[in-house]
Amino acid sequence: MIVNIQQLNKNLFEKDVEQIPIRQGFGEGLLLAAKGDERVVGLCADLTDSTKMNLFRDAYPHRFIQMGVAEQNMAAVASGMAAMGKIPYLSSYAMFSPGRNWEQIRTTICYNDRKVIIVGSHAGVSVGPDGGTHQALEDIAITRVIPNIDVVVPCDAIEARKATLALAISKGPAYLRLSREKTPVITTEASPFALGKVSILRKPEHPTLAIIACGPMVYNALMAAAKLSNKGVEALVINMHTIKPLDQETILWAAKTSGAIVTVEEHQRHGGMGSAISEFLVEHCPVPMEIMGVDDRFGQSGAPEELIKYYGLGVDKIVERGEKAAARLR
Amino acid sequence: MPHLHDKKVKELEVIAHKVRMSIIDMLVEAQSGHSAGPLGMAEVCTLLFCHVMKHDPKRPDWEERDRLILSNGHICPVLYATMAHAGYFNVEELLTLRKFGSRLQGHPHREYLPMLETSSGPLGAGLSQALGMALADRIDRGRHSERFFYCLLGDGELDEGQNWEAMMLAGREKLHNLIAIVDRNNIQIDGYTEDVMPLEPLYDKWHAFGWHVLEVDGHNFEALNDALGEAQAIFERPTVIIAHTVPGRNVPYMERLPEWHGKPPKRDEAKEALNALRTLAGKIRGEHE
């Protein structure tokens, strides 16, 4: 009944599913992008190992610029390098880039339409023990609101590698959002990936719900869909790896096909992926929606899984909200 | 970069005069914009565009050109006026400054006027961009590149912390082809720089960050030209030229007054300004004849 159209990891629903940090995929992708195009350069604000740019630095030291703890300078330097034909990837924690250097990103990169890829790692409450100061929950909102920029949130390490490579040849600036923790590998090398065209991971014949998620929350969405199936609710699951530009065609199709939507993201409910989807649907196909995210609060220290549960993003909570959305439809 | 002979100085003085007249024309037509800064930088911009920089108005995307980044975008009337007088576009277009549909946005936007190297306005980001360009050049061409990367900065703008991040990095990288020029006119919107946020000892600060520092009279073509020649010759460090200028230069009622930082002259004031400029131009011609 449910065809594995995306050629997902066969062990996905096993307890010992392989887990790799999403940022690792970025590190590997940057290495490949650099190998394929000598215009690729890397800039990092003193977080080279933890954003996994160290792989690139060690292989291409002459194309790596250590910026020191100076994210504002980093963004504008990258803009200057792009003006000279380079393809700069700049990495830090999402809280500091695009958090600290938002205006430099807006003016020197986006207003100038310079092709720079801003890589923000350690997004979401799953950063864990470092606490609320380091858990970016606003970065999707502040980037997607800027004209010209694309916003990409890969769901696992393999997809992060593909996204990093794809961004080297896409047009214009982009924000790539990464997570710190090891998370389940959902996709495989064979899974199709195209920027701007989101993936339908679960496609039942007669869905009465669509769960749309991004980043590591895609795994929770798939788990929730399996549980919902046992309760008689068949859910589409969409991996919203590109938040901007919005894949309007697929979103519209999902709304029309299922009639009710739950969105799940490790981000403030306000201004994030769920907001982007609702902004579109409210004009074109209003359906009952449950927008799941952190509800106007800051994060705090704790274990990642503990925090995900505390902030209402666990599998059971998605099941609960899914049932609620589907019931609103009836 | 050739030495400045007297005939060339005279030629540059005439252009700087035209640039100042254009600035007044533009501002009075727009009825908004900044007066003092642009008038103070007429010599610096004229010298760069008409003598120092390697560039070609007919080929604005020529790869071998030197780059000029205007960091303090609000003084763009002097940039636009100098570019027009250097042949990038018609002088008549200057009167569209700040108007709807104009290529001459209130603060520079390179998507509207593609011959600009960057967009600017929000302060403190220009030096980083010029530095990024120089870094890219270093990666491609090593230390023997003959392209220079100029960045014009305001002095009040140095309040922005990002400049100091860029200064540290440029010092570490010893980017000899990066040349910053600070418009040391001592005013910013809220008053005199030393009252708002003291910058002195400015020379020592740049020096401490690894820069070769020069201080000159920013209205003296020979002194500026010598400083730029020295900046190009220094191979071990980036150079900053602290150009001491008089804000509102050559318009007596504007000179040195912070209140003229951010407003345009009214019609009658503009008339007075143009008269003053014309009288002075007559004197200059007299001296040279």
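Strands β6 (residues 150–152) and β7 (residues 174–177) of chain A pair in the parallel sense, over 3 bridges. The model is a predicted one.

User: What makes β6 and β7 of chain A a pair of strands?

Analyst: Pairing calls for at least two bridges between two strands. β6(A) and β7(A) have 3 bridges, so they count as a pair. Within β7(A), A:L176 is the bridge partner of A:V152.

User: Which sheet do these strands belong to, and which strands are its edges?

Analyst: They sit in an open sheet of 7 strands in chain A, ordered β3-β2-β4-β5-β7-β6-β12, with mixed pairing. The edge strands are β3 (64–66) and β12 (242–244) of chain A, as each pairs on one side only. On average, neighbouring strands of the sheet are turned by 20 degrees against each other, direction ignored.

User: How do you know whether the span of helix α7 of chain A is close to the expected one?

Analyst: The expectation is 1.5 Å times one less than the number of residues. Helix α7(A), residues 217–230, has 14 residues, for which 20 Å is expected, and it reaches 20 Å from its first C-alpha to its last. The span is therefore close to the expected one. After α7(A) comes A:G232, with a positive phi near 90 degrees.

User: Which residues touch the most other members of the largest nonpolar core?

Analyst: This core has 190 residues, and among those touching the most other members are A:A221, A:L176 and A:L209 from chain A, and B:L131 and B:Y150 from chain B. Helix α1 (residues 6–30) of chain B gives the largest share, 9 residues.

User: Why is the core said to lie between two domains of chain A?

Analyst: Domain 1 (19–184) and domain 2 (199–329) of chain A both give residues to the core, so it lies between them.

User: What is A:L209 in contact with, beyond its neighbours in sequence?

Analyst: Leaving aside neighbours within four places in sequence, its contacts include A:L228, A:V233, A:A260 and A:A326.

User: How many residues of chain B are in contact with chain A?

Analyst: There are 23 residues of chain B in contact with 24 of chain A. On the chain B side, α5(B) gives the most, with 10 residues.

Definitions and conventions. Residues numbered from 1 in each chain as written. Chains lettered and ligands numbered in written order. Predicted model: local features only at pLDDT ≥ 70, side-chain atom pairs only at ≥ 80, totals over all residues. Core = buried A, V, L, I, M, F, W, Y, C linked by C-beta atoms within 7 Å. Buried ≥ 20, exposed ≤ 12 C-beta atoms within 10 Å, placed from the backbone. Helix = DSSP H or I, 4+ residues; strand = E, 2+ residues; numbered from the N terminus. Domains from an automatic or database assignment. Contact = placed C-beta atoms within 7 Å. Axes fitted to C-alpha atoms, helices over the stretch in contact; angles between N-to-C directions.
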